[in-house]
Amino acid sequence: MNEKKRVFEPGQFVKLFNGQVGLVLAHGAYQRAVKRFKQGNKPGRYFAPGCCQHPDYIIQIPVLFEDGTWDVMRAMNIRPVDEPPEDKKQNIETFLTNLEQD
């Protein structure tokens, strides 16, 4: 079995350089987020049309942010967060719960 090593795993909290917190989405959740939420157009995202239909979790990371938007981020523009602030974590988990109910 030749599995690729991922830089970021689904369910992992990350943050942008500006302090915004997000959660790495699994592929199925990412597909639902695209249909349900707005794209955030955050700095450091991929922006070429059609580039991110199947993110690789190495350089293309799908992230749901605390403001209820999503983006496919470049790995070099996000950092892992072990313990995000509780209020931001709860916001993201609320959006994720709503996403899973669809």
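View 1. An open sheet of mixed pairing is built from 6 strands in the order 3-5-4-2-1-6. At the edges sit strand 3 and strand 6 (78-80), each pairing on one side only. Strands (E, at least two residues) and helices (H or I, at least four) are DSSP runs numbered from the N terminus, and two strands pair if DSSP finds at least two bridges between them.

**View 2. Trp70 and its partners.** Strand 3 (residues 38-39) runs parallel to strand 5, with 2 bridges, and here Gln39 has Trp70 as its bridge partner.

**View 3. The hairpin turn.** Strand 4 and strand 5 form a hairpin with 3 residues between them, where Gly68 takes a positive phi near 85 degrees.

**View 4. Cover over strand 5.** Of the 6 residues in strand 5 (residues 69-74), 5 are buried, meaning under 20% relative accessible area with a 1.4 Å probe, protein chains only.

**Notes for all views.** Residues are numbered from 1 along each chain as its sequence is written, and side-chain values use heavy atoms, leaving out hydrogens and water. In this predicted model, local features need pLDDT of at least 70 and side-chain atom pairs count only at pLDDT 80 or more, while totals for chains, interfaces and linings use all residues.

Note on methods:
Buried < 20%, exposed > 50% of the residue type's maximum accessible area, 1.4 Å probe, protein only.
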